[in-house]
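Please have a look at the sequence and the coordinates before reading on.

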Amino acid sequence: MLTEETTPRLIQAFRAILDRLPSRRRKQFWALFVCMLFAAGVETITLGCIALFASTVSDPNAVLQSTYIVTAQEFFHSDFLTHKQGLIVTLSILVVGLVVFKNAVLSIVTYWNIRYGAFVDGFFGEKLLRGFMQVPYEWHLYRNPADLILAVNWRYYLGTYFINTALQILSDCSVILFLFITLLVLEPVISFVAIVILGGSSIIIFRSVRKKLDKTAKIRTDREEAVNRQATKVIHGVKDVKVFGREDFFIRDYMKDVYALARHMASLTFFTRLPTWILETVG
């Protein structure tokens, strides 16, 4: 949850990850961020045109008399926009073109985002594996191989999950900011009331769910480590397990951790999505 306590930690973690990337990857990140700002602007303009098109279809005479359409008529010096059929056809072509352009931009930017997250995955995966290979052999004697494998797999959380999610959050915030400014200009009073109601509801909901979510996430991490530890123990010691006939014993322990992990994964997903459902209801 993005709260007053967690937000500074997220920013610190983000800066720590970004500072450890090569200079070329950092430049790629900010270039990708600019592209996402552009995509957010295109998405905002498209939403505005769709709203204008809906208004035109429902009440074309009112739209024809608006200052924006009158200005467009004077600018293009065309009689085509002076009657409702011409206005609807023009806006239809404009909306279709913008939707196609928006989806093309979003698909390209999304592909670059996913590809960049994969590059970050690979970079940190190499760093972690190389670091484990360079420590003395005696150090490995006191470490569980399952814990080391889990640590190397943390590259997914650094790249695919964290960096990609950070970029998506920045993109969503950009769209919200553009829409917020537009709504304040067009309908300041209604926009202010909606922001106060939804903003207050968000604070209450996030504060209520955050502690439960943090606790569930901590338990899920512990259970995931236990599952990996059990599986590694059985596979590495399969000879002794079969000699002493302890297959059922280890399978029971493994399944107990697996089912516990599944329950906490379900709870974590539920509590993650719960604020969105409540906010949509309030909205």
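Residues are numbered from 1 along each chain as its sequence is written, and side-chain values use heavy atoms, leaving out hydrogens and water.

Let us begin with confidence. pLDDT is the predictor's confidence in each residue, from 0 to 100. The protein chain averages 77, and 86% of the residues score at least 70. Helices here are DSSP runs (H or I, at least four residues), numbered from the N terminus. The table compares some regions.

| Region | pLDDT |
|---|---|
| α2 | mean of 84, highest in the chain |
| α4 (67-76) | mean of 67, lowest in the chain |
| Residues 1-5 | under 50 |

For residues 1-5 the model has 13 contacts beyond four places in sequence, a contact being heavy atoms within 4.5 Å. Where pLDDT is low, the predicted coordinates should not be read in detail.

Next, the interior. A nonpolar core is a set of buried Ala, Val, Leu, Ile, Met, Phe, Trp, Tyr and Cys residues joined through side-chain atoms within 4.5 Å. Buried means under 20% relative accessible area, exposed over 50%, and partly exposed in between (1.4 Å probe, protein chains only). The largest such core has 17 residues, and Leu21, Phe29, Tyr116, Ile163 and Leu167 have the most contacts inside it. Two or more residues come from each of α1 (6-20), α2 (23-58), α5 (84-134) and α8 (155-186), with α5 giving the most, 6 residues. Beyond its neighbours within four places in sequence, Leu21 touches Arg26, Tyr116, Val120, Phe123 and Phe124. A second, separate core of 5 residues includes Ile205, Val209, Leu268 and Phe271.

Which residues does Thr46 contact, leaving aside its neighbours within four places in sequence? They are Leu98, Val99 and Lys102. Thr46 sits in helix α2 and counts as buried because its relative accessible area is 2%.

Finally, the surface. Val189, Ile190, Phe192, Val193, Val196, Ile197, Leu198, Ile278 and Val282 make a nonpolar patch of about 790 Å². Accessible areas come from the Shrake-Rupley method with a 1.4 Å probe. α9 (188-236) and α11 (247-282) each supply at least two patch residues, and α9 gives the most, with 7. Val282 lies in helix α11 and is partly exposed, at 38% relative accessible area.

Note on methods
Predicted model: local features only at pLDDT ≥ 70, side-chain atom pairs only at ≥ 80, totals over all residues. Patch = residues over 30% accessible without salt bridge, like charges linked within 9 Å, V, L, I, M, F, W, Y side chains within 5 Å. Salt bridge = Lys/Arg side-chain N within 4 Å of Asp/Glu carboxyl O.
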